[in-house]
Amino acid sequence: MGGDKLWTDLWGRPVWRWSLDALLAIPGLARVALVVPPGEVERFRALLPPASDRCLLVEGGETRSASVEAGLVALADAGASSNALVIDTVVAAAREGGAAIPILSVADTLKRVDGGLVEATVPRDGLGAAQTPQAARLGILLAALDAARVRGGEPTDEAAALTAIGVPVRAVPGDPSNRKLTEDGDLVVLRAVLRDRAVASVRAPLTLPSSARIGIGFDAHRLQAGIPLKLGGIAFPDEPRGLAGHSDGDVALHAVIDALLGAAHLGDIGSLFPEGDSQWDGSDSGDLVRLTAKRLGAAGLRPVGVDLTIVAARPAIAPKREAMEHRIAELLGLSDGSVSVKGTTSDGLGFAGGEGIAAHVVASVERSPSGTSARDA
């Protein structure tokens, strides 16, 4: 690939997060070992999904089998049982027989090539293309990898290590869209396959009640050297400039407040937190969001959903997108799936092209079931 394919962006998520999110969505899955390059545990930890308590981060080895074994040992040390827990039909087959892999039938005509010349046609009967995930009971796979290490040589996949010690590996139907990422050309196909799955699989879809009200919020602040940068309640300590403005300058949270107040017909951020009032100087915008939620509650309303777009030349929003979503949801008492954060640039044009940062928000509120607003009293 000519680079680190694990961090290749696919519709707002790096490659490895697509695999992890798919596994975390499996009902009953207890733990996942994420095996990462040595020295990169914290880099991966920073982009784990908010509900990451089931994830074990483990440093891998020099070979595939060494990395797999490191993950298995971590699972065993964490008290994982020997029951397989992976995706779809693979899990049932592995539970029944001890090991299973998905196999795709071979449609192309196969040729044996030597020195750039075709030597012979290889019959396709009995051949299949192995896919992942490859599933096996923990104890069986550990034994297979131990035996492979004693024999010497590196098994090409986990199934090879299992069959070498006589473990039957069941073949279940594979999925043609479950593609490997090996060469640059694979990215084009993968992006097409994943385009319709770009909403994280671990989130529930947002549905608005019939009583919902919608508000639009906007704010923009100028960048200034020597000021810490916060966006969406999250600090960006490596940025040389921060936002000069109301409270801590968090333009994203200010736009959220404006959208919520607009949806509730309760004015705007300037009327609730006047800029000339010294009590708000330097205050945490997260505290202002909480106060806004209380103001909505006093009016018999509650937040339902937030859709935030940040327009900035820098910093990159994607690496901290989910942290922002989680923080905003936490401040408003919402589930993570009720908040969406997106980042974009203005292609170097205008205010957001480098002079400052702007934020646009659409937010929804609904009548609280526990009370009515003063307007209804």
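Me: Contact means heavy atoms within 4.5 Å. Among contacts between residues at least 6 apart in sequence, what percentage join residues at least 24 apart?
Reply: This is a predicted model, in which local features need pLDDT of at least 70, side-chain atom pairs count only at pLDDT 80 or more, and totals for chains, interfaces and linings use all residues. Residues are numbered from 1 along each chain as its sequence is written, while side-chain values use heavy atoms, with hydrogens and water left out. Of the contacts between residues at least 6 apart in sequence, the share that joins residues at least 24 apart is 69%.

Me: How many helices and strands does the protein hold?
Reply: Both kinds of element are DSSP runs numbered from the N terminus: helices are H or I with at least four residues, and strands are E with at least two. By that count, the secondary structure comes to 11 helices and 17 strands.

Me: What percentage of the residues count as buried?
Reply: Buried means under 20% relative accessible area, exposed over 50%, and partly exposed in between, for a 1.4 Å probe and protein chains only. The protein has 377 residues, and the buried share is 41%.

Me: How many of the residues of α1 are buried?
Reply: Helix α1 spans residues 15-24 and is mostly covered. Out of 10 residues in α1, the buried number is eight.

Me: Which residue of β17 stands opposite Asp307?
Reply: Strand β15 covers residues 301-311 and strand β17 covers residues 356-367. These two strands run antiparallel and are joined by 10 bridges. Within β17, the residue opposite Asp307 is Val362.

Me: Why does Arg327 count as buried?
Reply: Arg327 has its place in helix α11. Leaving aside residues up to four places away in sequence, Arg327 touches Gly232, Gly233, Ile234 and Arg290. Arg327 counts as buried because its relative accessibility is 19%.

Me: Is His265 buried or exposed?
Reply: His265 lies in the loop between α8 and α9 (269-272). Although His265 is not a glycine, it has a positive phi of about 60°. With a relative accessible area of 56%, His265 is exposed.

Me: Which residue does a cis peptide bond join to Pro133?
Reply: Pro133 is placed in the loop between β8 (128-130) and β9 (135-136). The cis peptide bond there has an omega of about 5°. The residue that this bond joins to Pro133 is Thr132.

Me: Where is Pro315 found?
Reply: A cis peptide bond joins Pro315 to Arg314, and its omega is about 5°. As to its place in the chain, Pro315 is found in the loop between β15 and α11.

Me: Which residue in the turn between β6 and β7 has a positive phi?
Reply: Strand β6 (residues 110-114) pairs with strand β7 (residues 117-122) in the antiparallel sense, over five bridges. The two strands form a hairpin with two residues between them. In that turn, the residue with a positive phi, of about 60°, is Gly115.

Me: Which residue of β7 stands opposite Arg112?
Reply: The pairing of β6 with β7 is antiparallel. Across from Arg112, the residue in β7 is Ala120.

How values were computed:
Two strands pair if DSSP finds at least two bridges between them.
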